[in-house]
Amino acid sequence: MTMQLRIVHTTTFEYEGKATASYNQARLTPVTTTDQIVVHSRVEVSPKPWVFEYRDYFGTQVTAFEVVDPHDHMAVTATSTVHTHRSPLPAPSATWESLGTREVEDRWTEYLTLPERVAPTTDFAQRVKQVAADHDLPGEAARDLCALVHDELELVPGSTHVGAPAATAWQQRAGVCQDLAHLVVGGLRTMGLPARYVSGYLHPADEPVVGEHVRGDSHAWVEWWDDGWQGYDPSHDRAPDDRYVTLAVGRDYGDVKPISGIYSGARTSSMTVEVELTRLA
């Protein structure tokens with residue numbers, strides 16, 4: 001099955017007074033891959049900014065913008081139309097031995113590090129090592145690890161803050177999709193399996209109705225190296241299908257923040273995020 005989806009992602013900032021300057025980066029443009037083709041995409045900012053676009057180290061399209069006139073609010077709206085056609089997850093093929101070769105270990109070394117954001121607790125690391133020992137192939141262990149995290153953690157909106165490390169979610173056995181993705185990424189790297197964090201969107205309906213506008217959210221899942229990058233969603237314990245749209249990949253959330261930046265002036269009094277998804281075909 002193929003699908004064409006339109007995504008409208010709007011982030012609005014309201015300030016208590018006047019912000020005198022704002023410098024930002026938006027990673028809100030989906031990538032074209034073998035699984036999806038970006039038909040149309042634009043990022044609009046109000047008040048009118050100075051804009052510069054570039055592609056970052058991880059291949060993400062970045063819209064850098066500056067608003068230097070005094071302003072008491074700012075709105076960033078990204079509108080995209082994406083045609084998705086995801087292939088079924090292939091059978092695991094990479095071996096444990098192959099993970100130690102230069103072609104894997106050196107090539108993907110940045111996806112093997114364990115910074116605090118993804119580092120496992122001692123007890124979780126022990127569980128991970130047991131999962132690895134139970135399987136002949138890394139890809140089999142990876143799927144089993146995703147199932148373990150899915151089964152033992154409850155998805156609870158607001159249960160963690162955006163900067164929380166994966167260890168927090170494991171200790172309280174609850175988190176959001178970002179936490180489950182970070183936990184699995186850290187677990188996979190503990191096995192010696194290169195793993196990266198994926199940000200994007202997931203249409204919430206099992207069978208999206210053409211033309212129906214639905215409220216959605218940003219979503220996060222993982223990819224691991226198995227003679228090619230293989231995607232999996234630990235929040236739902238399944239491989240991504242055509243309802244998934246990839247925005248960006250990186251080592252963790254810090255590399256793929258939808259909007260990041262600095263500003264001077266009044267404090268932010270509120271920030272709201274709205275995502276609308278529509279299946280077009």
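Let me begin with helix α5 (residues 177–191), which lies across strands β8 (195–202) and β10 and runs at about 10 degrees to β10. Helices here (H or I, at least four residues) and strands (E, at least two) are DSSP runs, numbered from the N terminus, and residues are numbered from 1 along each chain as its sequence is written. Please keep in mind that this is a predicted model, in which local features need pLDDT of at least 70 and side-chain atom pairs count only at pLDDT 80 or more, while totals for chains, interfaces and linings use all residues, and that side-chain values use heavy atoms, with hydrogens and water left out.

Now to the sheet under discussion. Four strands form an open sheet in the order β11-β10-β8-β12, with antiparallel pairing, where two strands pair if DSSP finds at least two bridges between them. The edge strands, each pairing on one side only, are β11 (229–232) and β12 (244–250), and from one strand to the next the twist averages 35 degrees. Strand β10 (residues 218–225) is joined to β11 by 4 bridges, the two running antiparallel, and W224 has Q230 of β11 as its bridge partner.

Let me return to α5 and its helix neighbours. Two packed helices are described by the angle between their axes and the distance between the axes; the axes are lines fitted to C-alpha atoms, for helices over the stretch in contact, and angles run from 0 to 180 degrees between N-to-C directions. Helix α2 (residues 122–133) packs with α5 at an angle of about 60 degrees, with the axes 9 Å apart. That makes α2 oblique to α5, given that angles under 35 degrees count as roughly parallel, over 145 as roughly antiparallel, 65 to 115 as roughly perpendicular and the rest as oblique. The contact (heavy atoms within 4.5 Å) is made by F124, V128, K129, V131 and A132 of α2 together with L183, G187, T190 and M191 of α5. These residues divide into 6 nonpolar, 2 polar and 1 charged, where Ala, Val, Leu, Ile, Met, Phe, Trp, Tyr, Cys and Pro count as nonpolar, Asp, Glu, Lys and Arg as charged, and the others, Gly among them, as polar.

Helix α3 (residues 138–152) also meets α5: their axes come within 10 Å and cross at roughly 145 degrees. The contact involves A141, A142, L145, C146 and V149 of α3, and L180, L183, V184, G187, L188 and M191 of α5, and by class it has 10 nonpolar, 1 polar and no charged residues.

Next comes strand β1 (residues 3–29), which is joined to strand β5 (residues 71–84) by 13 bridges, running antiparallel, with R6 partnered by T81 of β5. β1 also pairs with β14 in the antiparallel sense over 11 bridges, and there E14 has S270 as its bridge partner. A further 7 bridges join β1 to strand β13 (residues 259–265), again antiparallel, with A19 bridged to G265. With strand β4 (residues 61–67), β1 pairs in the antiparallel sense over 6 bridges, and A26 stands opposite T63.

Finally, I turn to T268, placed in strand β14 (residues 268–279). Leaving aside neighbours within four places in sequence, T268 is in contact with E14, Y15 and Y263. The C-alpha atoms of T268 and H73, which are 195 residues apart along the chain, are separated by 9.0 Å.
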